[in-house]
Amino acid sequence: MDNMMEELQSKTAFTIPILGGIPVADSCVVTWIIMGAIVLLSIIFTHRLKRVPTGKQCLLEGLIGWLDNFFTDILGPKGKKYLPFLETLIIYIAFANLIGLFGFVPPTKDINVTAALAGIAIIFVQAAFIIEKGPVKWLKSFLNPINILDLITRPLSLCMRLFGNVLGAFVVMELVKGLIPIGVPVIASAYFDIFDGLLQAYVFVFLTSLYMAEALEEEEH
Amino acid sequence: MGMIALGAAIAVLTGAGAGVGIGIATAKATESIARQPEAKGDIRTALLLGCALAEATAIYGFVIALLIIGKM
């Protein structure tokens, strides 16, 4: 039990020895690894693009096309310029949740990471609101107190949902591994790591895009 | 110590609500698939999203329970 509580803490990987030592968390180092992997994959997949796609290019175009359609359906044609951010977010969270398969600690198990992601998402939505409708309308929208409440509850629920799911999956997997070390963890991992990880990435970005759609929509007078 | 564990146990009771919620959602989804099999894909997407949202309440309870135990 004590062992497990220790596992739940987010650890410090190393300390940068300047300004009295800056601690660098494990989740940060794993994020660098994910960034490296994504950059490498991007280079491999976009290497020698052809007009008529074959092989890996088909795979890439299928994936990006699916994401494009998915977000355009929600946001409408006006949201076209916001697609890259949402797609980056879903790709990063999916990678972060799946990296547990390779023996790393998922960065989303650290509440600071999910809080940062939720914060970025909410700031992005507010920024889109200001860009589309102007700062005056943005300030006016807070005449409705529910909107002020939304500013707090939305990032909180986004953050807690992702963090809780990843942490819950982690705890259950540790318990299963402790109980039956052979065979069963593979099946449990398929559900908790792959299915739940991808589902949570989807839900996070889906909710963000719903909030976006709300910010972009035209009011009727 | 014992009371703290009890508090954590009560926090985890939120799982009951999530179970009922997901059960109702799944029941309605199967019903609507039986009625309109051609809308299967849309129904499945909506069901998955609804389940993930309903599950969140259980997750909140779990996080609270962990926080309580962590204070021990």
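**Reading the model, term by term**

Author: Gladly, and let us begin with chain B: 14% of its 72 residues count as buried. Please keep in mind that this is a predicted model.

Reader: What makes a residue count as buried, partly exposed or exposed?

Author: A residue is buried if 20 or more other C-beta atoms lie within 10 Å of its own, exposed if 12 or fewer, and partly exposed in between. In chain A, buried residues make up 24% of the 221 residues.

Reader: What about A:Thr12, with its 13 C-beta neighbours inside 10 Å?

Author: The cut-off for exposed is 12 or fewer, so with 13 neighbours A:Thr12 counts as partly exposed. A:Thr12 lies in strand S1 (residues 12-16) of chain A.

Reader: Which residues does A:Thr12 touch, leaving aside those up to four places away in sequence?

Author: They are A:Pro23, A:Val24 and A:Ala25. Touching here means C-beta atoms within 7 Å. A:Leu75 is 63 residues apart from A:Thr12 in sequence and 39 Å apart from it in space, C-alpha to C-alpha.

Reader: How do you know that the length of helix H3 of chain A agrees with what a helix should span?

Author: Helix H3 of chain A covers residues 56-75, which is 20 residues. At 1.5 Å a residue it should span 28 Å, and its end C-alpha atoms are 28 Å apart, so the two agree. Just after H3(A), A:Gly76 takes a positive phi of about 85°.

Reader: What does the secondary structure of chain A come to?

Author: Chain A has eight helices and two strands. From the N terminus on, they run α-β-β-α-α-α-α-α-α-α. Along its principal axes, the C-alpha trace of chain A spans about 60 × 50 × 40 Å.

Reader: And which elements does chain B have?

Author: Three helices and zero strands, in the order α-α-α.

Reader: Why is chain B called more spread out than a compact globule?

Author: For 72 residues the globule rule gives 11 Å, but the radius of gyration of chain B is 17 Å. That is well over the rule, so chain B is more spread out than a compact globule. Its C-alpha atoms fill a box of roughly 55 × 15 × 5 Å along the principal axes.

Reader: What makes up the largest nonpolar core?

Author: It holds 43 residues, and A:Val125, A:Phe204 and A:Met212 touch the most other members. H3, helix H4 (83-98), helix H5 (111-133), H7 and H8 of chain A, together with H3 of chain B, each supply at least two residues of this core. Not counting residues up to four places away in sequence, A:Phe204 touches A:Ile93, A:Leu158 and A:Leu162.

Reader: How many residues of each chain are in contact with the other chain?

Author: Ten residues of chain A are in contact with nine residues of chain B. On the chain A side, helix H7 (145-179) and helix H8 (184-216) give two or more residues, and H7(A) gives the most, with six. That side divides into five nonpolar, four polar and one charged.

Reader: Lastly, what is the predictor's confidence in chain B?

Author: The mean pLDDT of chain B is 87, and 97% of its residues reach 70 or more. Confidence is lowest in helix H3 (residues 40-70) of chain B, at a mean of 84, and highest in helix H2 (residues 14-35) of chain B, at 92. The model scores ipTM 0.73 and pTM 0.82.

Methods: Residues are numbered from 1 along each chain as its sequence is written. Chains are lettered from A and ligands numbered from 1 in the order in which they are written. This is a predicted model: local features need pLDDT of at least 70, side-chain atom pairs count only at pLDDT 80 or more; totals for chains, interfaces and linings use all residues. Two residues are in contact if their C-beta atoms, placed from the backbone, lie within 7 Å. Helices (H or I, at least four residues) and strands (E, at least two) are DSSP runs, numbered from the N terminus. Ala, Val, Leu, Ile, Met, Phe, Trp, Tyr, Cys and Pro count as nonpolar, Asp, Glu, Lys and Arg as charged, and the others, Gly among them, as polar. The expected span of a helix is 1.5 Å times one less than its number of residues. pLDDT is the predictor's confidence in each residue, from 0 to 100. A nonpolar core is a set of buried Ala, Val, Leu, Ile, Met, Phe, Trp, Tyr and Cys residues joined through C-beta atoms within 7 Å. The radius of gyration is taken over C-alpha atoms; the globule rule is 2.2 Å times the number of residues to the power 0.38.
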